[in-house]
Amino acid sequence: MDEDAFNLSIRKFLKHFGVTAQREIESAVRKAIEEGKLRGNEGVPVRATLVIDGLLRDFHIDGTITLSGTASTQAP
């Protein structure tokens, strides 16, 4: 295995994922605020799941995205 090529490929995938996921999160949060589902001052629980077909199943990273500096725990 070429470690440099492998590492570069992983980094490209993660960069693409990160940029795309950020856009989706921003869009979903803005829409939820417009629809009154979020107030805009809370923390929103988030989960990212990674699956590598045949190699890795359901690896999860959980966290919270805060919508302001004074975030309450969750949506109404």
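Modeller: T66 is found in strand β2. The model is predicted, so every value here is computed from it. Strand β2 covers residues 56-66. Is T66 buried or exposed? T66 is exposed, because its relative accessible area is 51% and exposed means over 50%. Next, take T66 together with I10. The two residues are 56 apart in sequence. In space, their C-alpha atoms are 27 Å apart.

Now the partner strand. Strand β1 covers residues 43-52, and it pairs with β2 in the antiparallel sense. The pairing runs over 9 bridges. Two of the facing pairs can be named. P45 stands opposite T64 in β2. T49 stands opposite H60 in β2. In a regular strand, side chains alternate between the two faces of the sheet.

Then the turn. How many residues lie between the strands of the hairpin? There are 3 residues between β1 and β2. G54 belongs to this hairpin and takes a positive phi near 80°.

D58 has phi near 50°. That is a positive value in a residue other than glycine. D58 has its place in strand β2. D58 is partly exposed, because its relative accessible area is 42%, which falls between the 20% and 50% cut-offs.

Back to strand β1. G43 is found there. G43 counts as buried, because its relative accessibility is 1%, and buried means under 20%. G43 and G69 are 26 residues apart in sequence. Their C-alpha atoms are 9.7 Å apart in space.

Now the helix. Helix α1 spans residues 3-34, and R30 is found in it. R30 is exposed, because its relative accessible area is 53%.

Step out to the whole chain. The protein chain has 1 helix and 2 strands. From the N terminus on, the elements run α-β-β. The radius of gyration is 16 Å, well over the 11 Å that the globule rule gives for 76 residues, so the chain is more spread out than a compact globule. Along its principal axes, the C-alpha trace spans about 50 × 20 × 20 Å.

Burial comes next. Of the 76 residues in the protein chain, 8% are buried. As noted, G43 counts as buried. The accessible surface of the chain comes to about 6400 Å². Carbon and sulfur atoms account for 56% of that surface.

Contacts next. Take contacts between residues at least 6 apart in sequence. Of these, 50% join residues at least 24 apart.

Last, charge. The protein chain carries 10 positive and 11 negative side chains. The centres of the two sets lie 5 Å apart.

To return to your part: strand β2 pairs with β1 in the antiparallel sense.

Definitions and conventions: Residues numbered from 1 in each chain as written. Predicted model: local features only at pLDDT ≥ 70, side-chain atom pairs only at ≥ 80, totals over all residues. Heavy atoms only, no water. Helix = DSSP H or I, 4+ residues; strand = E, 2+ residues; numbered from the N terminus. Rg over C-alpha atoms; globule rule 2.2 N^0.38 Å. Buried < 20%, exposed > 50% of the residue type's maximum accessible area, 1.4 Å probe, protein only. Contact = heavy atoms within 4.5 Å. Areas by Shrake-Rupley, 256 points an atom, 1.4 Å probe, with all protein chains shown as cover. Lys, Arg positive; Asp, Glu negative; His and termini not counted. Charge placed at Lys NZ, Arg CZ, Asp CG, Glu CD. Pairing = 2+ DSSP bridges.
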